[in-house]
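Visitor: Hi, I have a structure open and would like to talk it through. Could you help me read it?

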Amino acid sequence: MATDYDAPRKTEEDAGEESIEELKTRRTTVPSALVDEDEAEAADAFELPGADLSGEELLVRVLPAQADEFTCASCFLVRHRSQIALEKNGMYYCVDCEG
């Protein structure tokens, strides 16, 4: 909490003079932490599964697999060749899928 060093300071006598009723009213008038939010505006930010994204433009540049990479036949992730755990019928499997 910021401190205003120019404000007059209360002495111990001043602090003790506050009544219990005044302290109770301060406690009940504390602003709540709830934020008023427009539900319609918040719902626009969420993407639902199966939503029609045919109008969206892909902004990511896709590179083909490099010479030192392979595509796992189980999880279909592109991995570095050092992660090959098994080669079976020309198909490669990564250490995560075989382990």
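Visitor: Where does F76 lie?
Guide: F76 lies in the loop between β1 (69-71) and β2 (78-80). Strands here are DSSP runs of E with at least two residues, helices are runs of H or I with at least four, and both are numbered from the N terminus. Please keep in mind that this is a predicted model, where local features need pLDDT of at least 70, side-chain atom pairs count only at pLDDT 80 or more, and totals for chains, interfaces and linings use all residues. Residues are numbered from 1 along each chain as its sequence is written, and side-chain values use heavy atoms, with hydrogens and water left out.

Visitor: What is the phi of F76?
Guide: Its phi is near 65°, a positive value in a residue other than glycine.

Visitor: And is F76 buried or exposed?
Guide: F76 is exposed, with a relative accessible area of 61%. Buried means under 20% relative accessible area, exposed means over 50%, and partly exposed is in between, using a 1.4 Å probe and protein chains only.

Visitor: Which residue has a positive phi of about 55°?
Guide: That is N89, which is not a glycine. N89 sits in the loop between β3 and β4, and it counts as exposed at 77% relative accessibility.

Visitor: How do β3 and β4 pair?
Guide: Strand β3 (residues 84-88) and strand β4 (residues 91-94) run antiparallel and are joined over four bridges. Two strands pair if DSSP finds at least two bridges between them. The hairpin they make has two residues between the strands.

Visitor: What stands opposite C94?
Guide: I84 does, with C94 being in β4.

Visitor: Which strand holds M91, and what does M91 touch?
Guide: M91 lies in strand β4. Leaving out residues up to four places away in sequence, M91 touches A73 and L86, where contact means heavy atoms within 4.5 Å. M91 is partly exposed, at 43% relative accessible area. M91 and S74 are 17 residues apart in sequence, and their C-alpha atoms are 9.2 Å apart in space.

Visitor: New topic: how many salt bridges does the count come to?
Guide: The count comes to one salt bridge, defined as a side-chain nitrogen of Lys or Arg within 4 Å of a carboxyl oxygen of Asp or Glu. The side chains of D96 and R79 form it, at 3.0 Å from N to O. This pair links distant parts of the chain: D96 belongs to helix α4 (residues 95-98) and R79 to strand β2, 17 residues apart.

Visitor: Why can side chains like that pair up?
Guide: Side chains of opposite charge can pair when their charged atoms come close.

Visitor: Are D96 and R79 buried or exposed?
Guide: D96 is exposed, with a relative accessible area of 53%, whereas R79 counts as buried at 16%.

Visitor: Which residues form the nonpolar patch on the surface?
Guide: L58, V60 and V62 form it, and together they have about 340 Å² of accessible area. Patches are made of residues with over 30% relative accessible area and no salt bridge; like charges are joined within 9 Å, and nonpolar side chains (Val, Leu, Ile, Met, Phe, Trp, Tyr) within 5 Å. Accessible areas come from the Shrake-Rupley method with a 1.4 Å probe, and for residues only the protein chains shown count as cover. L58 is in the loop between α3 (39-44) and β1.

Visitor: Last one: what pattern does the chain follow?
Guide: Along the sequence, the pattern reads α-α-α-β-β-β-β-α. Of the 99 residues of the chain, 6% count as buried.
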